[in-house]
Amino acid sequence: MKKSIYTAALGFALALVGASSCSDSFLDVKSPTQIPVEEYYTTEAHMYELLVSAYCPLIYFDWAQGEYNPMNILADILADDMYPGGANATDNENWHLMFNYSATPVKVVNGIWTDCYNGVRRCNYVEEYMPAVVDIDNATRDLYLAEAKVLRAYYYSIVWKFWGAIPYYRENLAYPYTKAKSSADEVYEGIMTDLEDAIALNILPMRQSDAALHGRVTLAFAYMIYADVVMYQKDNSKYSKALDYMNDIIKSGEFELTPNYEDIWTEAGEWNKETIFSINYFNQNASRSWDNPYYAGGTVLPTLISPYSLPDGTECNGVALVDGWGFGTIPTETYDAFEEGDTRRDASINDLRNVSYEERYQNTGLWLRKYCARSGYNADQIADAVLNWGNDLRIYRYSETLLNAVELALLGGGSVNQGYFDQVRQRAGLSSKSATIDNVIEERRFEFLGEGKRYFDLVRSNKAQDVLKAGGEYRTVSWTPNKKYLPIPQAEINSSDGALIQNTDY
């Protein structure tokens, strides 16, 4: 059974977080020994439990807070390579509104906001209570602090990308728990500070060598967040440092491309040497249920993005498929855009245009293969099968390190290594192509289809306004720069006592 920091200590984490989201109540529970919270977090063992709770919100992004919020799907819906799908335009309506750049403060993906701030709060508590721990050695203390800082940077980077100017704090808020927005630039600086502080502690391993620790923060994960955020900010003062970090990953020898792209997405391919960071899900004894999405276990993502009423025994390119709810279809134009001979096309997309099933809204017959519902991948769950697929969510892969290194060099960070670009294309069965900014952005489209990279790539490369235009049968609104960010959820505005101001143009 796959293990991770946020499943290994499941019992305590559930007792700690319960079903709460953003409130303080999750730390107000009494321990079995009736020790007050301030006294409880004075030992290394209990501090580890608190660190576990800081990881827990990672597994809620697919479904929690009463919403389906898979970040990779939502970001691709904002771009040009995925339709929302479902039964009709009101099924997961916030997805359809995002697709047409028409989200409203009431109909927006509240769950991502809540999950990220839930994670921020728990990371803050790790820092707050650490000075009182009496039995922790310096190395362990620094390790826990580094992990919390990187996790906090990651949570903030997600909210920052989707919403821009947001409340930013590293000490949890006192009553009445309200905070005005910091500017997007101030949030960026805060993310950078956390990452730089964590890296400076010089305690994180480049890669977790022990499989039991897969899912814990690493130096490579911190480096990838750093490069990701620097490129989205277009901070040319940090391009050179970000390139150094990419080269550190490459030269470490800890990572390599998976020879067969298809193998990345299998259960056997999870946490292979291409994986830099994934969010772990598992199916063996998985107990996530309709009654409690906060139990550890599997993910609902494959159910969301698989065809509705697929006939039993359906196969595609040797993979036995299971049906789902019919969200997230792939446009025909995306399938056709792959170069001839690109092996990533059939490894990324299930072509079911010749299969008879119940077609739903925006059906194209093309479905994301990477996270499809594969027969047997939820076989050993013990609760609700549709919620407990064992497919890990890949966040960063080594191929992105190589492409980042090329792009950062092209942006002025250093010397361009054409070989890095060629490695990614050669793995896909393609010949060499000149490493230019335009070619790198286009290569990322096919390398990371369905991984939530495309929208942010188009925005940061100034291509969004030209690419994301109204047209075709479904997109009726064109992207404009004032639609870069989503509206802040109205519930957050209402609870802020006037401290939180809505994003402009909403």
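A word you'll need on this tour: a residue is buried under 20% relative accessible area, exposed over 50% and partly exposed in between, using a 1.4 Å probe and protein chains only. This is a predicted model, in which local features need pLDDT of at least 70, side-chain atom pairs count only at pLDDT 80 or more, and totals for chains, interfaces and linings use all residues. Residues are numbered from 1 along each chain as its sequence is written, and side-chain values use heavy atoms, with hydrogens and water left out.

Start by selecting Tyr-101. Its relative accessible area is 5%, so Tyr-101 is buried. Phi here is positive, near 50 degrees, and the residue is not a glycine. Most residues other than glycine have a negative phi.

Now jump to Asn-285, another non-glycine with a positive phi, about 60 degrees. At 46% relative accessibility, Asn-285 is partly exposed.

Next, pick Tyr-175 and Pro-176: the peptide bond joining them is cis, with omega about 10 degrees. Most peptide bonds are trans.

Then highlight residues 44-55, which form helix 4 (helices are DSSP runs of H or I with at least four residues, strands are runs of E with at least two, and both are numbered from the N terminus). Of its 12 residues, 9 are buried, so helix 4 is largely enclosed by the rest of the structure. Among the buried ones are His-46, Glu-49 and Tyr-55.

Last stop: Cys-56, which is buried at 4%. How many disulfides (pairs of cysteine sulfur atoms within 2.5 Å) does the structure hold? The count is 0. The closest cysteine sulfur to that of Cys-56 is in Cys-123, 11 Å away, so it is too far for a bond.

Note on methods. A disulfide is a pair of cysteine sulfur atoms within 2.5 Å. The expected span of a helix is 1.5 Å times one less than its number of residues.
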